[in-house]
Amino acid sequence: MFVHAVVIGRVQGVGFRYSTMQKANEYNLSGWVKNKTDGTVELEAEGDEQAVNAFINELKKGFNRFIRVDDLKLDTKEEHKGYTDFSIK
């Protein structure tokens, strides 16, 4: 399963990208995460459907007390892009 997401909230300057990468690695997902100039964070992740869904559920809650996710725009697909690891851009 593949997901493209834009995360809105307090997600820059609070360790969000690093936490996202750590969690993606825990779930054996590949892809990337990056800050956008509008204050949101964009990410792509792919892997086992169950793992992607669990990752998204944790993402919605925020990974630590400093992160606040107000909205999450998701686009999921069945096909993969073929990423080999998870990186911060």
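**Exercise 1. Classify Glu-44 and follow its pairing.**

Glu-44 has a relative accessibility of 7% and so counts as buried. The model is predicted. Your task: state which residue forms a salt bridge with Glu-44, and where the two partners sit.

*Solution.* 
Step 1. Start with the cut-off: buried means under 20% relative accessible area. Glu-44, at 7%, is therefore buried.
Step 2. Find the partner. Lys-81 forms a salt bridge with Glu-44. The closest N and O atoms are 3.3 Å apart.
Step 3. Glu-44 lies in strand β3, while Lys-81 lies in the loop between β4 (68–77) and β5. They are 37 residues apart, and the pair links distant parts of the chain.
Step 4. Classify the partner. Exposed means over 50%. Lys-81 has 53% relative accessibility, so Lys-81 counts as exposed.
Step 5. A buried Glu-44 pairs with Lys-81, which is exposed.

**Exercise 2. Describe helix α1 and what follows.**

Which residues of helix α1 are buried, and what do they pack against?

*Solution.* 
Step 1. Locate the helix. α1 covers residues 16–26.
Step 2. List the buried residues. They are Phe-16, Ser-19, Thr-20, Met-21, Lys-23 and Ala-24.
Step 3. Find their surroundings. The buried residues of α1 pack against β1 (2–10), β2 (30–35), β3 (41–46), α2 and β5 (86–88).
Step 4. Turn to Asn-25, also in helix α1. Asn-25 has 40% relative accessibility, so Asn-25 counts as partly exposed. The C-alpha atoms of Asn-25 and Ser-87 are separated by 9.7 Å, with the residues 62 apart along the chain.
Step 5. Step past the helix. Just after α1, Asn-28 takes a positive phi of about 55°.

**Exercise 3. Find the setting of Gly-47.**

Is Gly-47 buried or exposed? Which residues is Gly-47 in contact with, leaving aside its neighbours within four places in sequence?

*Solution.* 
Step 1. Apply the cut-off. At 13% relative accessibility, Gly-47 is under 20% and so is buried.
Step 2. List the contacts. With neighbours within four places left aside, Gly-47 is in contact with Met-1, Leu-29, Val-52 and His-80.
Step 3. Check a distance. The C-alpha atoms of Gly-47 and Asn-28 are separated by 7.0 Å. The two residues are 19 apart along the chain.

**Exercise 4. Find a patch of negative charge.**

Which residues gather in a patch of negative charge on the surface?

*Solution.* 
Step 1. Name the members: Asp-48, Glu-49, Glu-78 and Glu-79.
Step 2. Glu-49 belongs to helix α2 (residues 49–61).
Step 3. Check the cut-off. Patch residues need over 30% relative accessible area. Glu-49 has 42% and is partly exposed.

Definitions and conventions. Residues are numbered from 1 along each chain as its sequence is written. This is a predicted model: local features need pLDDT of at least 70, side-chain atom pairs count only at pLDDT 80 or more; totals for chains, interfaces and linings use all residues. Side-chain values use heavy atoms; hydrogens and water are left out. Patches are made of residues with over 30% relative accessible area and no salt bridge: like charges are joined within 9 Å, nonpolar side chains (Val, Leu, Ile, Met, Phe, Trp, Tyr) within 5 Å. Accessible areas come from the Shrake-Rupley method with a 1.4 Å probe; for residues, only the protein chains shown count as cover. A salt bridge is a side-chain nitrogen of Lys or Arg within 4 Å of a carboxyl oxygen of Asp or Glu. Lys and Arg count as positive and Asp and Glu as negative; His and the chain ends are not counted. The place of a charge is taken as NZ of Lys, CZ of Arg, CG of Asp or CD of Glu. Helices (H or I, at least four residues) and strands (E, at least two) are DSSP runs, numbered from the N terminus. Buried means under 20% relative accessible area, exposed over 50%, partly exposed in between (1.4 Å probe, protein chains only). Contact means heavy atoms within 4.5 Å.
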